[in-house]
Amino acid sequence: MKKVLIVPGVLVVILTIIYFVRPAKQTELAIERTPTVNEFPNMMLTLSDGARQNAKSLEGKSILILYFPDCDHCQREALEISNRLKAFENYDLWFLTTDPFSKMDKFATDYKLSNQPNVFFAQITFEDVAAQFGGVATPSVYIYSESKKLKKA
């Protein structure tokens, strides 16, 4: 009689352990990557003065740079761009971050990118980045033509 009760009891314990230890479904954990659309992304850009504009309304040739001010790779990229600003004179450079304005403004000043006629800094949301680009490494650079088409990412 005891053996009859022990076998189902052990089975219940094993099934309970398997249920709680098994990995969660990958689709629940990972942000699904949305393919980059071949045009300016539909997301709001908030400048440090509070002005807002949709990236879709940008005109001319533009380069969107998604970055974090504390990111070492982003800092090195900003330094390289700063040292070669003349090479970007035909483009508007948009540095986009989810970090606070204070960090964004300090980054612009530290890398001598503030007060440049073709360099802009704006805040974006994680939701917009995920919806428009999916998961991205930083820095991520997107080069758009005058006709608003993605030339290179």
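Trainee: In which sense do strand E4 and strand E5 pair, and over how many bridges?

Mentor: In this predicted model, strand E4 covers residues 92-97 and strand E5 covers residues 119-123.

Trainee: Which handedness does the β-α-β unit of E4, helix H4 and E5 have?

Mentor: Helix H4 spans residues 101-110 and belongs to a unit with E4 and E5. A crossover takes its hand from the path that runs from the first strand over the helix to the second, clockwise being right-handed when the strands point away from the viewer. The unit made by E4, H4 and E5 is right-handed.

Trainee: How many residues apart are Phe40 and Tyr144, the two members of an aromatic pair?

Mentor: The chain holds ten aromatic pairs. In one of them, the rings of Phe40 and Tyr144 are tilted, with 4.7 Å centre to centre and 35° between the planes. Phe40 lies in the loop between helix H2 and strand E1, whereas Tyr144 lies in strand E6, so that the pair links distant parts of the chain; the separation is 104 residues.

Trainee: Are Phe107 and Tyr111 buried or exposed?

Mentor: Phe107 and Tyr111 form a tilted aromatic pair, 4.9 Å centre to centre. Buried means under 20% relative accessible area. Phe107 has 3% and Tyr111 has 18%, so both residues are buried.

Technical notes
Residues are numbered from 1 along each chain as its sequence is written. This is a predicted model: local features need pLDDT of at least 70, side-chain atom pairs count only at pLDDT 80 or more; totals for chains, interfaces and linings use all residues. Side-chain values use heavy atoms; hydrogens and water are left out. Two strands pair if DSSP finds at least two bridges between them. Helices (H or I, at least four residues) and strands (E, at least two) are DSSP runs, numbered from the N terminus. Rings of Phe, Tyr and Trp (its six-membered ring) pair if their centres lie within 6.5 Å; planes under 30 degrees apart count as stacked, over 60 as edge-to-face and the rest as tilted. Buried means under 20% relative accessible area, exposed over 50%, partly exposed in between (1.4 Å probe, protein chains only).
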